[in-house]
Amino acid sequence: MSTVETVRGPVDAGELGTTLMHEHVFILQPEALQNWGHAFGPLYWDEQERLADAVAKLGAVREAGIRTIVDQTVPGLGRYIPRLQTLNAEVDLNIVVATGVYAFIELSKNAQARTGLEALEALTSHGVKPERIVIAHAGDSNDLAYLRPIADTGAWLGCDRFGIEHFNPLPDRISTLLALLGEGYGKQIHLSHDAACFYDFFVGDPAFADEKPDYLLISNQVLPALREQGVNQAQIDEMMVDNPRRFLTGIDAAPRPEAAAGAAAVEIAR
Ligand SMILES: [Zn+2]
């Protein structure tokens with residue numbers, strides 16, 4: 001079995017277990033901290049307090065049965081591995097860290113503006129295989145006519161903002177996910193929350209006052225709702241265990257546009 005690199009070192013892919021594919025731990029940009037936390041305003045960051053808070057929050061994640069999170073905090077969002085190492089020494093959770101760049105402007109992924117298709121095209125035109133690409137935040141859209149063509153290339157759909165009501169309310173996210181499962185796209189879906197223990201841009205901004213990042217919303221609300229609608233455990237394991245492992249190892253992640261065919265639509269047991 002191949003291994004996947006984590007903050008604590010390589011982990012056997014078979015040990016990744018239930019995985020949240022798009023989360024964050026700390027969104028804390030040093031430039032913001034140095035300017036607004038030191039030069040122009042009151043300090044909003046207390047290292048020990050925030051570490052203790054993260055240990056509690058991620059400890060609860062582990063206790064709920066999640067064994068791995070992928071921290072998508074790339075350079076540009078405040079990636080800082082030593083802080084995660086300090087944290088991870090206190091929490092028994094695999095943390096896979098993303099690298100690369102935060103290309104919010106250059107490769108915008110705005111589901112409402114359907115820019116996922118453009119991002120996909122930009123990457124595949126440079127030779128990236130679709131099965132190595134996740135269109136993150138695709139789940140902000142409920143437009144199946146937008147989502148199907150992404151998945152039909154073999155790329156992954158990031159249904160990864162459960163709980164961010166501002167972009168798409170929970171009942172709509174669940175309905176869209178059920179529709180995708182009904183059409184046989186379960187093998188190409190990543191489930192996550194895009195949550196974090198701390199976001200520096202929330203500090204003092206009333207626009208974010210109602211945001212309640214919750215790493216366990218999928219476990220506590222989404223999966224029970226799916227089960228109520230007849231989604232079985234094998235389908236849930238596929239999204240929460242198998243798909244993350246397949247994506248992170250690159251093994252058994254071949255494009256499968258035939259997934260859209262009707263045969264798979266019977267996967268939802270009624
Ligand atoms: Zn994110």
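Q: What share of the contacts with a separation of 6 or more comes from residues 24 or more positions apart in this protein?

A: It's 75%. Keep in mind that we're looking at a predicted model.

Q: How do you know how far to trust the model, and where is pLDDT under 50?

A: The protein averages a pLDDT of 90, and 90% of the residues score at least 70. The confidence scale runs from 0 to 100. Residues 254–270 are the stretch to watch: pLDDT stays under 50 there.

Q: What makes Leu177 in H6 count as buried?

A: The cut-off is 20 or more other C-beta atoms within 10 Å of a residue's own. Leu177 is listed as buried, and so are Arg173, Thr176, Leu180 and Leu181 in H6, therefore each of them meets that cut-off. Across the 270 residues of the protein, 36% count as buried.

Q: Why can we say that the buried residues of H6 line one face of the helix?

A: Look down the axis of H6: the buried residues fall within an arc of 140°, so they line one face. Among the elements covering them are helix H5 (144–152), strand E8 (156–159), strand E9 (189–191) and helix H8 (233–249).

Q: How do you know what span to expect for H6?

A: Take 1.5 Å times one less than the number of residues. H6 covers residues 170–182, which is 13 residues, and the expected span is 18 Å. From first C-alpha to last, H6 reaches 18 Å, close to that expectation. Just after H6, Gly184 takes a positive phi of about 90°.

Q: What makes E8 and E9 count as paired strands?

A: Pairing needs at least two bridges. E8 and E9 have three and run parallel, so they qualify. Gly158 stands opposite His190 in E9.

Note on methods
Residues numbered from 1 in each chain as written. Predicted model: local features only at pLDDT ≥ 70, side-chain atom pairs only at ≥ 80, totals over all residues. pLDDT = per-residue confidence, 0-100. Contact = placed C-beta atoms within 7 Å. Helix = DSSP H or I, 4+ residues; strand = E, 2+ residues; numbered from the N terminus. Buried ≥ 20, exposed ≤ 12 C-beta atoms within 10 Å, placed from the backbone. Arc of directions from axis to C-beta.
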